[in-house]
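Please open the model in your viewer and keep a selection panel at hand. The tour moves from one selection to the next and says what is found at each stop.

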Amino acid sequence: MISSPSAASALSSDTATSGLFDQSALSTLAQRLVEAARRAGADAADAVAVRGISQGVEVRDGRVQESERSEGDDVGLRVLVGQRQAVVSTNDVSGDGVAKLAERAVAMARVAPDDKYVGLADPSLLARDFPDLDLLDPKVPSTSELERRACEAEAAALAVKGVTKSGGASASTGIGGMVLVTSTGFHGSYLRSSQSISMTAITGDGTGMERDYDYTTAPHACDLASPESVGRKAGERTVARANPRKVETCKVPVVFDPRVSGSLVGHLVGAVNGASIARKTSFLKDRLGQQLFAKNIRIIDDPLRVRGLRSQSFDAEGVKVRKLAIIDEGVLTSWLLDSATGRELGLATTGHAHRGVSSSPSPGPYNLHLEAGEPTPAELISDIKQGFYVTDLIGSGVNGVTGDYSRGASGFWIENGEITYAVSEVTIAGHLFEVFKSMAPANDLEFRYGVNAPTVRIEGLTLGGR
């Protein structure tokens, strides 16, 4: 049996919170489900048990508007009978419920259509080492601590000159994790914590109101930005957006702030998802091994980043995960694959299977980032006579089949290398091939989100204005 250490054994926490970290009952339940499925006639099976605990507080005008807490454990069972598959899930397995759930799953699988690509992961690919990624903060913040964080963020925003009202501040904490047991002998588990602070500020009134926000999120409280800095940045960003102007339709260089530049990485990763490639619904379906970006561009998926927001040491099929350069020296090197899409494409899984309790595995990324370039953000825009600096994107007008790109946007006009007045109600449009080809990153990469990128410059996008 391949087994990972439990979160409870890896932590020394007080008795008030140790129960939140103890997955032993979930592990036992998952093991029982797999054994019951085999007894019921399944040729193979795996079970996932997912823990979710969250608590959040929302504050407006110094008063708590909402305080919520939720806890839940859910389990899912996938069974295979020949080349037929079924998935069932529940949040209540008591008495003889394990046997009944397994019998129901096997009965469903026997009448399911054949699928020659389904199956558990190749046992030779299963994870055997489980590095400590430091994903769990042993100290769970109290409700009063969350209220303090939210109130301090709001107070800092309201102290910024020009901010007229609060759009609300919030603070939250959560614990999420998964246990996976397979009939091929894999038994793994992980837990990760998450904490966040956010603030939205408003300036102006009536139809002249503008708003902006800031937030911070991390597994550990000590890695969060301070509530004061979150509130202050939200206030300063909001005031900077006051009295926006309209601009004429034109074709100009567009610079993406780090807050939104990660969306470009997201569009790439959506297009290299193995499910889209297998269905032939991606504009990159014939581009593996081709040069899509300049040679200085590398885009990395790293599931093993210490304290990463999406880190884990095995995927939802138990496969060992690894750091992967999806784009290396500008070349598309790999699709993101789980076992089924890999089989369909004649390739091995890349360890990118994700799964909920009520679904079969499907491919998806972990911690993504675009590597930093050499110029500073100021140097990146210094030669732009007229251009647009994007700070906010609206809508999702990106066609993954054709690569056509169109998004609503707001931000600031660039003139003679300087960021000048606020601009709103425009669209930016082009094609992702051209976006990728001209992408130029600055040197200001920070790891703050699940997808991270520095300031990015793109040439020749169409700016749709008045």
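This is a predicted model: local features need pLDDT of at least 70, side-chain atom pairs count only at pLDDT 80 or more; totals for chains, interfaces and linings use all residues.

Residues are numbered from 1 along each chain as its sequence is written, and side-chain values use heavy atoms, with hydrogens and water left out.

Select helix α3 (residues 24-39) together with helix α4 (residues 97-110), whose axes come within 8 Å and cross at roughly 50°. That makes α3 oblique to α4 (the class left when angles under 35 degrees count as roughly parallel, over 145 as roughly antiparallel and 65 to 115 as roughly perpendicular). Now show Leu29, Arg32, Leu33, Ala36 and Ala37 in α3, which meet Val98, Ala99, Leu101, Ala102 and Val106 in α4 (contact means heavy atoms within 4.5 Å). By class, this contact of α3 with α4 holds nine nonpolar residues, one charged and no polar.

Next select helix α5 (residues 143-158) and helix α6 (residues 227-240), which pack at about 35° with their axes 7 Å apart. The residues of this contact of α5 with α6 divide into four nonpolar, two polar and four charged.

Then turn to the largest nonpolar core, where, of 46 residues, Phe256, Phe293, Phe388, Val390 and Ile428 touch the most other members (a core joins buried nonpolar residues through side-chain atoms within 4.5 Å, buried meaning under 20% relative accessible area with a 1.4 Å probe, protein chains only). Helix α7 (residues 258-271) gives the most to this core, with six residues.

Notes. Axes are lines fitted to C-alpha atoms, for helices over the stretch in contact, and angles run from 0 to 180 degrees between N-to-C directions. Helices (H or I, at least four residues) and strands (E, at least two) are DSSP runs, numbered from the N terminus. Ala, Val, Leu, Ile, Met, Phe, Trp, Tyr, Cys and Pro count as nonpolar, Asp, Glu, Lys and Arg as charged, and the others, Gly among them, as polar. Buried means under 20% relative accessible area, exposed over 50%, partly exposed in between (1.4 Å probe, protein chains only).
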